[in-house]
Every structure is written in C-alpha cells, then in structure tokens.
Amino acid sequence: MAVVRQRRQLNLRLPLPESDRCPRFPLPLPPGVATASAGNSSAAAAAITCTDLDKLHVLGHGNGGTVYKVRHKRTDKIYALKVVHGESDSTLRRQVFREMEILRRTDSPCIVQCYGVFEKPSGDIAMVMEYMDAGTLETLLQKNGTFSEQELANIAAQILKGLSYLHAHKIIHRDIKPSNLLVNSNMQVKISDFGVSKIMCRSLDACNSYVGTCAYMSPERFDPETYGGNYNGYAGDIWSLGLTLLELYLGHFPFLQPGQRPDWATLMCAICFGDPPSLPDGVSEEFRSFIECCLQKESSTRWTASQLLNHPFLAKDPRSD
Ligand code: ATP
Ligand code: MG
C-alpha cells in the first residue's frame, strides 16, 4: 500500500510553461524522415469509428482522461480508448492533440500504436490505441515485485529502440516513467503517453521547459546552467530511463527511501545536489555501468540511446540475438 501511495505522490505534475502553450500543428517531420510512419494508423483509422466500439471497462485514469478497454462490434478486436472530457482545460486538450499528432507519425514496434482520434459533439476527445493486455511496468512492479537483471536488459533494449527511433525523428518524450511504459503478455514493452512530448523543429532547439513528472526529471531540466552542457533535451529521456530501470530493480523510487513521502524540494535537491542513486552490492558490473551511463548528472556525458543499444548490459537479455 505504501508503494501505491508513494507512486501516486510521485506523480507531481508541472504545468505547461507559457512557451509551450501555443498549438504546434501541423507538426513538421524533420527533413529526410520518411512519411511512411503515418501509415500505421491511417488504414485502420479509416475503418474504426466511435460507434463501432463497445466499452468493456475502465483500464485506468490519467491526468484528465480515462482509458477504457473496448471491443470493435464487427471484428471483436480489443482496443484501448483514451477519452479526455470536453470540459477539460485547454492545456489538457492540447496535450491530447499533441499526443495524437506524434502517435500518428510514429511507426515502431516499441511505441504504442494509435488507430484513430475522434472529437465527439460533447467535446470529448477519444483516441483509439493498441490494447496492451499486461498493463504498465508500474502495475507489473506492484503485482509481481522487482525485476531481474535479465528481464531489465530485455526491457531496456525495447525502450532504447523506441527512444532511438523517437530521437532520430527529433521527438523528445519528456515523461518516461514506469506508468508510461505499457506491456503486453508477450513482454513487449511500448512507450506511450506523449502528452508533454516535444518535436524539435531545428536540431539545436533548446528544450528546457518544465513539463512532465518532476520526479523523473534530469538535473539539467532543473538547472540547465550547471548540468546543461550542449543541452538538447534528448539526454533527459535517458536520465528518466536510468531512474525507471533502477526503480524496477530496487522496488522503490531510487531517490527516496521505501515509503518516504516525496515533495518537490526534497526531490529537486536530491536530483541536483545529491549523488546519483547507488546500486546495492551484488549487481553485475554491466548493470552498474549501464545505470551510471544513464545517470550522469552532466547531460553531455550521458550516453545516447544509440550508444546504449551497444552497451554490454544488453547482452544479458537472453533474447538479445
Ligand atoms: P499520467 O496522467 O500521469 O500519464 P497515466 O499514465 O496513468 O497517468 P494514462 O496514460 O491516461 O495515464 O493511462 C491511464 C492508465 O490506463 C494507465 O496507467 C494504464 O494502466 C492504462 N492504459 C493506458 N493506455 C493503455 C493501453 N494502450 N492499453 C492498456 N492499458 C492502457
Ligand atoms: Mg501516462
């Protein structure tokens, strides 16, 4: 129960800054990026409408929206339907449109698929997504306990493939954390929840806005001057990945003791001024090194997603061949 309470409290969301409060649509793909990615949803989206779907039950509630398990009336296929209510504030509605735009443009087995988006007369916005039947890494941790190094190597490889795809397309996720990583019964892990993500229009765009869940935010997002280096934002996703994997290994958020109440100031001080979280004795050298590469406080010395894909830790995944 303490873990559940701590998790809820960790979800300390920050408001979108003014600079992010303008619609970014249509979102450009960077030069040289194939547009085939939009194909993942277009055919299916044309086929699905909201009236085709029967709501089965609620899968979960997020920041402003509800996710339902739904069944397609004709095909019996199961989907997840994320609904953001019409009366939600404009920031939330913008986040849904942002998420929708990004998901429509991505086509990777490591990123959750979006099959269509509807705006109902009531003003509700609904997004049809691939259904991930094992929940999230957060729910798996609560249900089954901590993950082994082998399992984490497999999970890390999948998230890194997703991040490397996103970063190559100049998309920064900005909210990588266990509850945004969906899992299915084949132990496929997919990145979801792009509500606060950002598409970099120019490769050198600064990206220092305070969005996302602050617990997983990297030091340079609090203090770009000290930890920023040649800050471009992508490294923030790697920091969040390192914290996520460590949390799945330890069973609690690494900057807090089990059951410790998080608050803004404690977290910020721990992230910016404290030592990076330490690993217990007994972990392999490969895992220790992998986490160190992710949790470099100075963003420019943190490894990139494509560098980490070649890290020896990933060889611990029995399926790595
Ligand atoms: P936050 O608002 O902080 O992002 P959240 O990630 O829990 O919170 P949502 O992304 O709206 O919010 O999702 C709510 C819950 O619904 C998730 O935690 C997950 O359990 C479930 N869920 C979301 N998308 C899917 C999906 N595609 N398949 C299966 N379950 C899903
Ligand atoms: Mg989420």
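**Figure 1. Pairing of β6 and β8 in the predicted model.** In this predicted model, strands β6 and β8 are joined by 2 bridges and pair in the antiparallel sense. One residue of this pairing can be followed across the strands: G135 has V183 in β8 as its bridge partner. In general, the strands of a sheet are held together through backbone hydrogen bonds, and the pairing may be parallel or antiparallel.

**Figure 2. The open sheet of 3 strands.** The strands follow the order β6-β8-β9, and their pairing is antiparallel. At the edges lie β6 (135-136) and β9, each of which pairs on one side only.

**Figure 3. Helix α5 against the sheet.** Residues 149-168 form helix α5, which lies across β8 and β9. Relative to β9, helix α5 runs at about 30°.

**Figure 4. The packing of helices α5 and α8.** Helix α8 comprises residues 234-250, and its axis comes within 11 Å of the axis of α5. The two axes cross at roughly 165°. Because angles over 145 degrees count as roughly antiparallel, α5 is described as roughly antiparallel to α8. From α5, the contact is made by E149, L152, I155, A156, I159, L160, L163 and H167. From α8, the contributing residues are Y234, D237, I238, L241, L245, L248 and Y249. The crossing of α5 past α8 is right-handed.

Figure 5. Ligand 2 is a magnesium ion, coordinated by N180 through OD1 and by D193 through OD, at 1.6 to 2.0 Å. This pair links distant parts of the chain, with the two residues 13 residues apart. N180 belongs to the loop between β7 (171-172) and β8 (181-183), whereas D193 belongs to the loop between β9 (189-191) and β10 (198-199). Are these residues buried or exposed? N180 has a relative accessible area of 3% and is therefore buried, since buried means under 20%. D193, at 21% relative accessibility, counts as partly exposed.

Figure 6. Most residues other than glycine have a negative phi. Which value does phi take in R174? Phi of R174 is near 70°, a positive value although the residue is not glycine. R174 is located in the loop between β7 and β8, and its relative accessibility of 4% places it among buried residues. D193 also has a positive phi, near 65°, and is likewise a residue other than glycine. D193 is situated in the loop between β9 and β10, and D193 is one of the residues that coordinate the magnesium ion.

Technical notes
Residues are numbered from 1 along each chain as its sequence is written. Chains are lettered from A and ligands numbered from 1 in the order in which they are written. This is a predicted model: local features need pLDDT of at least 70, side-chain atom pairs count only at pLDDT 80 or more; totals for chains, interfaces and linings use all residues. Side-chain values use heavy atoms; hydrogens and water are left out. Donors are N, O and S atoms within 2.8 Å of the metal (3.2 Å for Na, K and Ca); water is not among the atoms, so sites may look incomplete. Helices (H or I, at least four residues) and strands (E, at least two) are DSSP runs, numbered from the N terminus. Buried means under 20% relative accessible area, exposed over 50%, partly exposed in between (1.4 Å probe, protein chains only). Two strands pair if DSSP finds at least two bridges between them. Contact means heavy atoms within 4.5 Å. Axes are lines fitted to C-alpha atoms, for helices over the stretch in contact, and angles run from 0 to 180 degrees between N-to-C directions. Angles under 35 degrees count as roughly parallel, over 145 as roughly antiparallel, 65 to 115 as roughly perpendicular and the rest as oblique. A crossing is left-handed if the near helix is turned anticlockwise from the far one by less than a right angle, and right-handed if clockwise.
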